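Here is a short note to read beside the model. The points are numbered and can be taken one at a time.

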Amino acid sequence: MAEITLEKLAHSYLSDPKSPDDFALQEMNHVWRDGEAYALLGPSGCGKSTLLNIISGLLVPSHGRVLFDGEDVTPKATADRNIAQVFQFPVVYDTMTVRENLAFPLKNRGLPASEIADRVGRVGRMIGMEATLDRRASGLTADAKQKISLGRGMVRDDVNALLFDEPLTVIDPRMKWELRTQLKTLHRDFGHTMIYVTHDQTEALTFADRVVVMNDGVVVQIGTPEELFERPEHTFVGYFIGSPGMNLFDATIEGRKAVIAGTRFDLGQGYRTAGGRIRIGVRPEYIRLGDHGLPARVTRVEDVGRHRIVRLDLDGQEVSALVPEERSVPDGGTHIQFVEGGVNVYEDEWRVAPDTERQAA
Amino acid sequence: MKTRNEKAWFLILPVLILVAFSAVVPLMTVVNYSVQDTFGNNVFFWAGLEWFDEMLRSERMWNALGRQLVFSGIILAIEVPLGIFVALHMPKKGVWASICLVLMALPLLIPWNVVGTIWQIFGRVDIGLLGHTLDSLGIDYNYTQGFYAAWITVIAMDVWHWTSLVALLAYAGLRSIPDAYYQAAKIDQATRLAVFRYIELPKMRGVLTIAILLRFMDSFKIYTEPFVLTGGGPGNATTFLSIDLVKMALGQFDLGPAAAFSLMYFLVIMVISYVFYIAMTNLDKEEGGA
């Protein structure tokens, strides 16, 4: 296991990148702490697989360095980095049995047979496939094959990191839950550094201690699931995470007061802005319907069982609010209010810290 | 109850007629000849299984069959590994991949008798590039007189003509392997040999089955190229089954024995191909199943 450091890392698939648009990954500095479970979350094409392949060494970055425990591994080949990677589609060696599949990485490293048998047995138990160890791998279901791929990574207990590239894409939903739970257990029991790439927020938030959100080749926020929910650092995090995503209102700010669509209200804290485009972000969970606040009109109500999603129209802008099942929803004109602490202010897409937070820091 | 509409049979009538005239009628004509004797003038006498009996006891036919099996065996043993080797070393993408594909396909487009003619000239000691070069190097090479020279030339010609087919099929098989397999193999520290043995070969099994089957059937039926090159000689050295058959049917006008011969020839190809096919699909099942 190792701490992985990305130093001034950037990557372009072009040979002579000029503008930032030519980069698949914008320059980043980041430390993946030893033994932690990370999720790398972002929409398709945001560069998360590129980043993963750079860490595993399948791709050589055009700029910057990758360090494992302080040692520069940038020029090292995948095989020499001692990492394990599970891919989107299960990879098994068709002609081998499950046992031979699990033993393969150890055999290639020239371990003694008794040690191999020992470890394969252990990993077989870990992934719950003891009973099928002697079956041909090619006849198994997709999720069993994916477990074998995972097992081939786990069988080397000295791996620096376990990397997952959307490993549950081809698994059916019921098994997805089970496998993810198993992964969490494995992480808790063995403490490998894990990096899990996904575009599914539920997967990311349930799996990881810390989630790295990427968009357009840029890491926009790294934080715990709670931080991503409560304090999105970027409007992208606001609407990418959450269902539905965060509401964003164009606003002007004067000290502790804000004005949205001509209505002035108190923010509870002061914000200092630099004159950029100001928007106020409020999650649907923090919007209450009532008799005072910003005037809005209910346009649609979607009942999703646990709660209802109310779509409102505020001066031509669509707003979503979550309303518990037991509370009534007025039809037509109403007012919306923001729950205290649920308001974030953004200037040019990035979050502005309120004065109190600034003083604390 | 469902109403049955027998009119649907009319829809397959054109196919039936076509197959009848292209395959069934000619085949039955051969069957007809194989059980009769004739002295010309369209007069036939019933001969029963006499010709079959004669052919089964004919040393000439067994020799031709033996040569045929050796020939097919040798060209399979060369073309399949060579085809795989070429496919493994072809560029994977870009302009060169397309250029290679076109170059590889070229021999396949050349008609059989032209291939024979090309090699006939190529190997000639007086004017041929190959023949003349070997001769001036002091190597005793003459495919019209030497047994080994004739065999080597016939085999080289077939390898030149058909290895492309195996290579192209193997290439298609290789291209269909997702990158993740190679990446996983790198992570597992597999050697190049292990990648070939455990990833590439199993994934190519399907196309290789087809390649071997096609090459076997075609080589077993080979006629034009060796006929143009050596005419079956020197002596009977390269007289393969179909060359012998044509000699018998058109050279000696022994229609009865030739018909019996061709029916047995046909059966042998069918049986061997069938056995091949069953053996290889069974192997597949074994690998795939429990």
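A residue is called buried when its relative accessible area is under 20%, exposed when it is over 50%, and partly exposed in between (1.4 Å probe, protein chains only). This is a predicted model, in which local features need pLDDT of at least 70, side-chain atom pairs count only at pLDDT 80 or more, and totals for chains, interfaces and linings use all residues. Residues are numbered from 1 along each chain as its sequence is written, chains are lettered from A and ligands numbered from 1 in the order in which they are written, and side-chain values use heavy atoms, with hydrogens and water left out.

1. R215(B) has a relative accessible area of 1% and is buried. D218(B), at 31%, is partly exposed. Their side chains form a salt bridge with an N to O distance of 3.8 Å; the term stands for a side-chain nitrogen of Lys or Arg within 4 Å of a carboxyl oxygen of Asp or Glu. Both residues belong to helix α10 (residues 192–220) of chain B, where they are three residues apart, about one turn of the helix. Helices (H or I, at least four residues) and strands (E, at least two) are DSSP runs, numbered from the N terminus.

2. Salt bridges in chain A. Over all chains, the structure holds 26 salt bridges. One of them pairs D250(A) with R277(A), with the closest N and O atoms 3.1 Å apart. D250(A) is in strand β11 (residues 247–250) of chain A and R277(A) is in the loop between β14 (263–266) and β15 (278–282), so the pair ties together parts that are 27 residues apart in sequence. Both are partly exposed: D250(A) has a relative accessible area of 41% and R277(A) one of 43%. Another salt bridge joins the side chains of E302(A) and R311(A), at 3.1 Å from N to O. Here E302(A) is partly exposed at 22%, whereas R311(A) is buried at 13%.

3. The interface. How many residues of chain A are in contact with chain B? There are 24, and they meet 22 residues of chain B; contact means heavy atoms within 4.5 Å. The two chains bury about 2,000 Å² between them, 56% of it on carbon and sulfur atoms. Buried area is the accessible area (1.4 Å probe) that two parts lose on being put together, summed over both. On the chain A side, Y93(A), T95(A) and R136(A) lose the most area to chain B, together 26% of what that side buries.

4. R152(A) forms a salt bridge with D188(B), and their closest N and O atoms are 2.8 Å apart. The elements of chain A that give two or more residues to the side touching chain B are α2 (78–81), β6 (84–86) and α3 (98–108).

5. The form of chain B. Chain B has 13 helices and two strands. Its radius of gyration is 24 Å, well over the 19 Å that the globule rule gives for 290 residues, so chain B is more spread out than a compact globule. The radius is taken over C-alpha atoms, and the rule is 2.2 Å times the number of residues to the power 0.38. Along its principal axes the C-alpha trace of chain B spans about 85 × 75 × 35 Å. Of its 290 residues, 38% count as buried.

6. A buried alanine. A170(B) is part of helix α8 (residues 147–175) of chain B and is buried, at 0% relative accessibility. In sequence A170(B) and I84(B) are 86 residues apart, yet their C-alpha atoms are 5.9 Å apart in space. Leaving out residues up to four places away in sequence, A170(B) touches G83(B), I84(B), A87(B), M204(B) and V207(B).
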